[in-house]
Amino acid sequence: MILNPKKLKIDGNTKITLEELDIDLKFPVFIDSDEKSEDIPEQVNIAIIKNSKVTNINIFEEVKVFPSSIIKMSYLEELRINLYNIKDFPKSLCTISSLKKLHLHLSDEMSIPDEIKQLSNLLVLHIIQREMESFPISITGLSNLEELDIYPINNCSYHSIPKEIGNLTKLKKLYLHFYSYDDFEISLEFFKLKLPDDFGNLINLEELSLGEDLEIEFPSTFKNLTKLQKIDFRESRFNNKDHLLYIQSPKLKNLNLCNALVGKIPAKFFDMNPALEVLNLKWNDLQTLPESVGNLQNLKFLNLKKNKIKFLPNSFGNLQNLSELYLTENALEKLPESFGNLLNLRILYLIENELQSLPNNFGNMINLEKVIMLKNQIKILPDTFHPDCKLKEIDLSRNKLVNIPESIGNLNHLEVLKLHDNKINHIPITLRKLNHLKILDLNWNNISKIPEIFNENNQLEVFEIGFNDVNELPETIKLLKKIKKLFLKRNRIDRFPDAILKFHTLELIDLSCNLIKDIPTEFDRMENIKTIDLLSNPIDSKYKNLKNSVQFNLQI
C-alpha cells in the first residue's frame, strides 16, 4: 500500500489501523468513503489512534454514530464532521479542548447544547443545517470566537439575532445567511431584520455578511464597528435611507450593496468611508453620485451596472486609482471632461447608455486595456489615441459612427476591434500599423472600399466585413497568413479571390449573397478549410456537382 504523507483516505472496503502503519502522525488526516457503508463509523474509529498527533480530521461521510475515539485526540485542532444522520448533538464533542476550528453539518432537528462553551480555545465555527428554526444562542458563550458562519441550506425560519451576540467581542468575521425557500421556490418577500443594540459590542469585527432578502434596521451602535473592512448586504434593503450613514468605518475596503434598492447615496457617506477599494452598487435606483465620490482615492473597482444614472459628477476624474469601471445599462448622455483623468483605468464597460460623444482627452487614458461601449449613440470618436495606450480590445458596435479616427493606428497593443452596426463609410489606412490585431469586425456598415490595410507582420485571424458595399478585396489580402475566418457576406464582390486559395490556416469563408459567377475547382492548398459558403450567388450551373468532390462543406 502506497501512502500519501499529506492525506490518508479510507475507502469502503479497506480496514486498517494507524497502529498497523506504525507511523507518528503529524499531518492532517482526511477520512472519507468512496461507497456508502453501514460500517463507516466503525472504520472511522479504527482509523483514529489514541493520543496520535493528528491535528486535522475531515469526515465527509454522513456518520450514524459519533466516533468517540476523536475525543481522545489531544492534539486535534480542526474537525470537519457531517452529523446529518445523528439526532442529538454529541456532547462529548464539547470536551475536545484543543479544538480551534470546528465545521459542523447538523441534522434538521439538532440543537447545539450549552456545553459547547467548554471549547474555550475555539476560534472558528462554521455551521450548516438544512432547516434552522432559531439562532443557536448557545454559541454566544464562545468568548474567544473570531469567525462565525451560519448557513441554512433550504430554509431559515428565524429573522432575528439575539442580543447575546454582543458577547462575542473578539469576533472578526461574521457571516449569517438568511434564506426562506419553500420547496426550492425563491421567496420574493423581504424579511425584517432588526439588529440588537448589543451588535455594536462587536468592535473587532472586520468582515460582515447578512445574506439576502432582508430589510435591515441598524441600531445607532452600529457606528461603533470602526474596524469593518468588508461588508456584504447584497439583495437586501434598508428601511430608512439614512441608515447608510451608520456605516462609518475608516478601514472599510469592500462594500457590496448590489440590488439593495439604494436610491441615493448621502453626501457624507464616502467621506465617512474613505478607504473603499471595491464598491458594488449594481442593480439599484441611483441617478447620480455625490461629488464626494471623488474623495475615494483608494477606489479600484466600481460597479454601477443597471442603475438610472444620467450624469457623473465632475469630481469623478479624481479617482486616480480606479482600475475597473462598470456603467452598463444606465442613462448617461455624456461623460464629464474630467473622465479622461482616470489614468489608471484598465477596464471600462459602458454598454447600453445614451452617449453621443466622448471627452476629447479620452485617448489620454494610456492604461486602458478594454473598452466596451456597444449600444450607444456615439457619432464621432476623439482623434487623440496616444501611442503609449495599452488598449487590447475595443467594442463600439451598434453606435452611429461615420468615421474611424486616424489615431487608432497608434494603438500598438490592440488585438480586438469590433465596430459592427455603425454607419462607417471609410477605413483609415492607419489600421495597417496594428500588427497585433487578431479580430476586426466591420459588419453592417456603409463601406464600399477596403484600402491596403494589411501588412506582412499582421496577426489577423478573423476579418468580418459582411453586409456592406464592397466590390473587391485589396491586393494585400494575400498577406493574411494567419487568417481563420473571412466573413464577406452580402457585398458586391463579383470574383472569387484567388489569393484565398493559398491560405493554409483558413477554416471558414462566407461569400454568400454576392455576385460571383465563376469559382475555382482546386482547393488543395486550403488544408484546414471546413466551410466555404457561396449560397445566393449567380454561380454557373457547371459547378453544381463540385461540392461532391471536395472533403469540406461547400455550399453553392
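Ser-536 lies in the loop between strand 27 and strand 28 (553-555). Strands here are DSSP runs of E with at least two residues, helices are runs of H or I with at least four residues, and both are numbered from the N terminus. At 55% relative accessibility, Ser-536 counts as exposed. Exposed means over 50% relative accessible area, buried means under 20%, and partly exposed is in between, with a 1.4 Å probe and protein chains only. The phi angle of Ser-536 is near 60°, a positive value in a residue other than glycine. Most residues other than glycine have a negative phi.

The model is predicted: local features need pLDDT of at least 70, side-chain atom pairs count only at pLDDT 80 or more, and totals for chains, interfaces and linings use all residues. Residues are numbered from 1 along each chain as its sequence is written, and side-chain values use heavy atoms, with hydrogens and water left out.

Cys-513 also has a phi near 60°, a positive value in a residue other than glycine. Its place is in the loop between strand 26 (508-510) and strand 27 (531-533). Cys-513 is buried, with a relative accessible area of 16%, whereas Ser-536 is exposed.

Now consider the chain as a whole. Its secondary structure comes to 3 helices and 28 strands. The protein chain has 556 residues, and 52% of them are buried. A contact means heavy atoms within 4.5 Å. Among contacts between residues at least 6 apart in sequence, 34% join residues at least 24 apart.

How do the strands pair? Strand 2 (residues 56-62) and strand 3 run parallel and are joined by 5 bridges; two strands pair if DSSP finds at least two bridges between them. Within this pairing, Ile-59 stands opposite Ile-81 in strand 3. Strand 3 is also joined to strand 4 (residues 101-106) by 5 bridges, and these two run parallel. Here Glu-78 has Lys-101 in strand 4 as its bridge partner. Strand 3 (residues 78-82) is largely enclosed by the rest of the structure, because 4 of its 5 residues are buried.

Another group of strands forms an open sheet: 3 strands in the order 10-12-14, with parallel pairing. Strand 10 (191-194) and strand 14 (237-238) are the edge strands, each pairing on one side only. The bridge partner of Ile-216 in strand 14 is Phe-238.

Leu-279 is found in strand 16 (residues 278-280). Is Leu-279 buried or exposed? At 1% relative accessibility, Leu-279 counts as buried. Not counting residues up to four places away in sequence, Leu-279 touches Leu-255, Phe-270, Leu-299, Phe-301, Leu-302 and Asn-303. The C-alpha atoms of Leu-279 and Ile-231, 48 residues apart along the chain, are separated by 10.0 Å.

The loops hold buried residues too. Ser-338 lies in the loop between strand 18 (324-326) and strand 19 (347-349), and at 9% relative accessibility it counts as buried. A polar atom of the side chain of Ser-338 lies 2.5 Å from the backbone oxygen of Asn-314. Leaving out residues up to four places away in sequence, Ser-338 touches Asn-314, Phe-316 and Gly-317.

Ser-397 is in the loop between strand 21 (393-395) and strand 22 (416-418). Ser-397 is buried, with a relative accessible area of 0%. Apart from neighbours within four places in sequence, the residues in contact with Ser-397 include Met-373, Leu-374, Lys-418 and His-420. The C-alpha atoms of Ser-397 and His-420 are separated by 4.7 Å, although the two residues are 23 apart along the chain.

His-420 itself lies in the loop between strand 22 and strand 23 (439-441). The side chains of His-420 and Asp-421 are joined by a polar contact of 2.6 Å. A polar contact is a pair of N or O atoms within 3.5 Å; within protein, one must be able to donate a hydrogen and the other to accept it, and residues adjacent in sequence count only if both atoms are side-chain atoms. Leaving aside neighbours within four places in sequence, His-420 is in contact with residues including Ser-397, Arg-398, Asp-441 and Trp-444.
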